[in-house]
Amino acid sequence: MTNRVTLFEVGPRDGLQNEKEIIDTSLKIELIERLVSTGIRRIETTSFVNPKWIPQLADAVDVLNGIQRKDGVVYSALVPNLKGLERAQQTGIKEIAVFMSSSESHNKSNINKTMEETYPVLREVVETAAAVGMKVRGYVSTAFGCPYEGDVPLSAVARVTEELLRMGVYEVSIGDTIGVGTPGQVKERFTSLIGLFGEERLAGHFHDTRGTGLANVYAALEAGIRTFDSSIGGLGGCPYAPGASGNISTEDVLYMLHGMGMETGVKLEEVVEVGTFMERILNCTLPSRVLQAMKKTCTEGESANERYTTDK
């Protein structure tokens, strides 16, 4: 197996979507550009979900149109339906992502549709995007457990993954939405999915709700997975999954991977600087352990959002 691991940074979308205080568009643009400067080459920038459901990301078009895009960087955005795709096309973005759950109850809570009702909606989005030259990534939520139903059978995860790949999605991110997965389960489940679909078409998306996030990354690595979603500082969580705390931290994953001799192309020290930037913006301490261990002391008494907006 290759020792090259790709991180897919989801902080600007998955990380910020739960934040109640609306962050200035210019700061979101700065966050994305800072993350890219660290060496990250795949990044989820925003979401084209109806703004009334996720007000924090209502400025999706402005964010994408404001970024100084760099060659070789994949800028992606979440798109739920054709209306969202129409908005995404206003930005010239080359990659989008679609999503659904592998459990019926969470899918209804998240999308307000049954799983069977969701397939044709996503198929239309994927096929329309492909027709205009866009690549499409897929997310499968609740792949290791559901907040409403408990255990989710592997067969349900495999069925959704197969449907997404059949539509034309190039990669499927298998998500532990509420952070209930354990290393043995993760290795077993990914080993089975790799046997069905191949490791190059799968990614891991873990949450550290119960402290098993990094252990689950390690287990997925052992199974053969080489692409992982992560979020700056450990920001994020699903707004439609009770108890879903932050994603695994980009800083923590990088520290572990580099210590294992894995190559990422990302500069850990610079990522820590971005995490410190986000703590100032949000005026809080983020959960990343590596961030807390490595960050420089911040200037006392500064209200971050105010400071950085004023600096503009």
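Student: Let's start with helices. Which residues in H6 meet which residues in H7?

Tutor: Bear in mind that this is a predicted model. From H6, the residues are Met115, Glu116, Tyr119, Leu122, Arg123, Val126 and Glu127. They meet Arg159, Val160, Glu163, Leu164 and Met167 in H7.

Student: How are two packed helices described?

Tutor: By the angle between their axes and the distance between the axes.

Student: OK, so at what angle do H6 and H7 pack, and how far apart are their axes?

Tutor: The angle is about 25°, and the axes are 9 Å apart. Angles under 35 degrees count as roughly parallel, so H6 is roughly parallel to H7.

Student: Is the crossing of H6 and H7 left-handed or right-handed?

Tutor: Right-handed.

Student: Next pair. At what angle do H2 and H11 pack?

Tutor: Helix H2 covers residues 25-37 and helix H11 covers residues 268-282. They pack at about 165°, with axes 9 Å apart. That angle makes H2 roughly antiparallel to H11. H2 passes H11 in a left-handed crossing.

Student: Which residues meet there?

Tutor: H2 brings Leu27, Glu30, Leu31, Arg34, Leu35 and Ser37. H11 brings Glu270, Val274, Phe277, Met278 and Ile281. By class, the contact of H2 with H11 has seven nonpolar residues, three charged and one polar.

Student: Switching topic. How much space lies in the largest pocket?

Tutor: About 820 Å³. The pocket is lined by 41 residues.

Student: Which of them are closest to its centre?

Tutor: Val49, Pro80, Phe99, Asn110 and Ile111.

Student: Which helices and strands each supply at least two residues of the lining?

Tutor: The helices are H1 (11-15), H4 (82-89), H5 (104-111) and H6 (115-131). The strands are S5 (135-141) and S6 (171-175).

Student: Which one gives the most to the lining?

Tutor: H5, with five residues.

Student: Last one. How many residues of the lining are nonpolar, polar and charged?

Tutor: The lining of the largest pocket has 18 nonpolar residues, 17 polar and six charged.

Key: Residues numbered from 1 in each chain as written. Predicted model: local features only at pLDDT ≥ 70, side-chain atom pairs only at ≥ 80, totals over all residues. Heavy atoms only, no water. 1 Å grid on protein atoms, 1.4 Å probe; cavity = no way out; pocket = protein on both sides within 12 Å on 5 of 7 lines; lining within 4 Å. Points joined across faces, edges and corners; volume = space filled by probe spheres on them. Helix = DSSP H or I, 4+ residues; strand = E, 2+ residues; numbered from the N terminus. Nonpolar A, V, L, I, M, F, W, Y, C, P; charged D, E, K, R; others polar. Axes fitted to C-alpha atoms, helices over the stretch in contact; angles between N-to-C directions. Parallel < 35°, antiparallel > 145°, perpendicular 65-115°, else oblique. Left-handed = near helix turned anticlockwise from the far one by under 90°. Contact = heavy atoms within 4.5 Å.
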